[in-house]
Amino acid sequence: MNTKELKTALLQLKYPKIERTLEELKLIGEVKVSAKSANIELLTVSDDSYLSVKKLIEDRLENEFEHLNITKKSQAKKDMNYGSSMAPNNRAPYAKNVIAVTSGKGGVGKSTVSTNIAIGLAQLGYRVGLLDADVYGPNIPRLTNTDLERISWNDENKIVPAENYGIKIMSVALTTPKMDTPLVWRSSVAVSALIQFLEDVAWGELDFLVIDMPPGTGDVQLTMAQELPISAAVLVSTPQLVATDDVSRAVMMFKDINVKMAGIVENMSYFIAPDTKHTYHIFGQGGGAKIAQKYNIPFLGEIPLDMQIRENSDKGEPPVALGTPEVQECYKSVVQNILQNAKFNL
Ligand SMILES: Nc1ncnc2c1ncn2[C@@H]1O[C@H](COP(=O)(O)OP(=O)(O)OP(=O)(O)O)[C@@H](O)[C@H]1O
Ligand SMILES: [Mg+2]
């Protein structure tokens, strides 16, 4: 077997348990035959895949050569230098703008607001990606009716994001065997996974990358501010004091780490009784607007506490697209206010 014949044979081998050839997976590097020995370089950085492909080749070629030297390409490790929030890295150069949807508190409606903002921007004709940064409680697939999808890889070995309602979607829940598989990860692993979602997903060119943050003011928030130039943070609050206290903490954190804020959305602001049409301020009134005033950041609008918002969201039918006209209008107006109150590169 000469070099050319060996290379052709290697490219046709099928990766164990996957119906794809080593050629399709772009795993074969330099190949050279001299006398009775062969040198084969594998283009993988993973030890597991190196060992399984090495065994595959050894089994196939054991009678062909006296010496088989199969090496793993020593690839330069990806730059994992963390940036600083003052001069962040840009892990998403394909996105013209990054919007981070966040709040100090859990359960106030970040994921619902992120989803509807992302789709609202797409309705205006922008190219939008939605990244679920809530690694431990990923809800975006359910909210966008993509929970039965699982990721695949394209020919450039990039992860293909899910797509629905005109936006591209990536969530850790699309990578687990089932959507409800819990992840038991240290936060450093979670953060690396998110960086991979920024770098290795085939987002294409985006006008906006919208990021649904996990609750709190922790590692993920800080990392995102260090790894991405965030164009605008959108803070979500509900009117009651315990929520506005937590949002205050988030506002102070963002001021501290120099992230620009588009403003505050007040979710579950009021409830209109379907029978009497009477308006109730279940969680109090004006909490979000007060915070906005206190910290001198824009107030982006109110979204009512509405049974249909919850029902639509649970069914993966985003209210900004499939809700009542009144509800659609609420989200659309928030989107307009975000566009007006932040400096975007469009
Ligand atoms: N305006 C609304 N009216 C009625 N229900 C709402 C509204 N906004 C959100 N919800 C419901 O409240 C629940 C929590 O919303 P969501 O998951 O968006 O919050 P979150 O802040 O992302 O939560 P977490 O902190 O756990 O990530 C969901 O069941 C959602 O459907
Ligand atoms: Mg959420």
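Reader: Which residues in α3 meet which residues in α11?

Author: Please note that this is a predicted model, in which local features need pLDDT of at least 70 and side-chain atom pairs count only at pLDDT 80 or more, whereas totals for chains, interfaces and linings use all residues. Residues are numbered from 1 along each chain as its sequence is written, while chains are lettered from A and ligands numbered from 1 in the order in which they are written. Helices (H or I, at least four residues) and strands (E, at least two) are DSSP runs, numbered from the N terminus. Two residues are in contact if their C-beta atoms, placed from the backbone, lie within 7 Å. On the α3 side, Asn116, Ile117, Gly120 and Leu121 meet Tyr331, Lys332, Val334, Val335 and Ile338 of α11. By class, this contact of α3 with α11 comprises six nonpolar, two polar and one charged residue. In this scheme Ala, Val, Leu, Ile, Met, Phe, Trp, Tyr, Cys and Pro count as nonpolar, Asp, Glu, Lys and Arg as charged, and the others, Gly among them, as polar.

Reader: At what angle do the axes of α3 and α11 cross?

Author: Axes are lines fitted to C-alpha atoms, for helices over the stretch in contact, and angles run from 0 to 180 degrees between N-to-C directions. Angles under 35 degrees count as roughly parallel, over 145 as roughly antiparallel, 65 to 115 as roughly perpendicular and the rest as oblique. The axes of α3 (residues 110–123) and α11 (residues 325–341) cross at roughly 75 degrees and come within 9 Å. The two helices, α3 and α11, are therefore roughly perpendicular to each other.

Reader: In what order do the eight strands of the open sheet stand?

Author: Strands of a sheet pair through backbone hydrogen bonds, either parallel or antiparallel. Here two strands are said to pair if DSSP finds at least two bridges between them. The order is β8-β9-β5-β10-β4-β11-β12-β15, with mixed pairing. At the edges stand β8 (162–164) and β15 (299–303), each with a single partner strand, so one side of each is left without a neighbour in the sheet. From one strand to the next, the twist averages 25 degrees. Helix α3 packs on this sheet, touching β4 (95–102), β5 (128–132), β9 (167–170), β10 (206–212), β11 and β12, and its direction makes about 170 degrees with that of β10.

Reader: How many residues of β11 are buried?

Author: Six of its six residues are buried. Ala232, Val234 and Val236 point one way from β11, and Ala233, Leu235 and Ser237 point the other way. Strand β11 (residues 232–237) pairs with β12 (residues 261–267) in the parallel sense over five bridges. Within that pairing, Ala233 stands opposite Met261, and Val236 has Val265 as its bridge partner. Strands β4 and β11 also run parallel, joined by four bridges, and Thr102 has Leu235 as its bridge partner.

Reader: Which strands form the open sheet of three?

Author: That sheet has the order β1-β2-β3, again with mixed pairing. Its edge strands are β1 (28–34) and β3 (67–72), each pairing on one side only. The twist averages 10 degrees from one strand to the next. Helix α1 (residues 3–12) packs on the sheet, touching β1 and β2, and its direction makes about 145 degrees with that of β1. Strands β1 and β2 (residues 37–42) run antiparallel, joined by five bridges; the bridge partner of Lys32 is Asn39. Helix α2 (residues 47–61) lies across β2 and β3, at about 160 degrees to β3.

Reader: How many residues surround ligand 1, and which are the closest?

Author: A residue is near a molecule if its C-beta atom, placed from the backbone, lies within 6 Å of it. For ligand 1 there are 19 such residues, and the closest are Gly106, Gly109, Lys110, Ser111 and Thr112. The elements giving two or more residues to this shell are α3 and α9 (307–314). Six residues of the shell are nonpolar, nine polar and four charged.

Terms used
Buried ≥ 20, exposed ≤ 12 C-beta atoms within 10 Å, placed from the backbone.
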